[in-house]
Amino acid sequence: GNGQAELQLGLMYAKGVGTCHGQDYARAYYWFRRAADQGSPSAIYALSRYFDEGVEGIAPQELARSVTLSVASARAGFWPTREELASLLAQAKKEARDP
């Protein structure tokens, strides 16, 4: 029930560090999902990566869902996502001015 602990478990399984199962994306996804359900911006971002890339048997590639989750993580205060989205918007604005 602790979102921060669940996020850490997700990271451990995603990287295969400190687990007896080694790297396990399915277990990582499970813990990221639990942490995201509690509002963890970092976990929401981690889930967006799953749907961005698509992880066979765990999360299909769904770019719209990935973007929705990325925006949600930015709105929840995850600075790396905020910076990434700000950069994309600035680039789009520049390209609109200078075709």
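**Helix packing notes**

I began with helix α2 (residues 25–37) and helix α3 (residues 41–53), whose axes lie 8 Å apart and pack at an angle of about 135°. I keep in mind that this is a predicted model. Angles over 145° would count as roughly antiparallel, so I put α2 down as oblique to α3. I also noted that α2 passes α3 in a left-handed crossing.

Next I listed who touches whom. From α2 I found Y25, A28, Y29, F32, R33, A35 and A36, and from α3 A43, I44, A46, L47, Y50 and F51. Sorting this contact by class gave me 12 nonpolar, no polar and 1 charged residues.

**The core**

I then looked up the largest nonpolar core, which has 16 residues; A28, Y29, F32, L47 and Y50 touch the most other members. Two or more residues each come from α1 (3–15), α2 and α3. I found the largest share, 6 residues, in α3.

Y29 got its own entry: setting aside neighbours within four places in sequence, I see Y29 in contact with L47, Y50, F51, I58 and A59.

**On to the next pair**

For α3 and helix α4 (residues 63–75), I read axes that come within 8 Å and cross at roughly 165°. That makes α3 roughly antiparallel to α4. I marked this crossing as left-handed.

Here P41, I44, Y45, L47, S48, R49, F51 and D52 of α3 meet L63, R65, S66, L69, S70, A72 and S73 of α4.

Note on methods. Residues numbered from 1 in each chain as written. Predicted model: local features only at pLDDT ≥ 70, side-chain atom pairs only at ≥ 80, totals over all residues. Heavy atoms only, no water. Axes fitted to C-alpha atoms, helices over the stretch in contact; angles between N-to-C directions. Helix = DSSP H or I, 4+ residues; strand = E, 2+ residues; numbered from the N terminus. Parallel < 35°, antiparallel > 145°, perpendicular 65-115°, else oblique. Left-handed = near helix turned anticlockwise from the far one by under 90°. Contact = heavy atoms within 4.5 Å. Nonpolar A, V, L, I, M, F, W, Y, C, P; charged D, E, K, R; others polar. Core = buried A, V, L, I, M, F, W, Y, C linked by side-chain atoms within 4.5 Å. Buried < 20%, exposed > 50% of the residue type's maximum accessible area, 1.4 Å probe, protein only.
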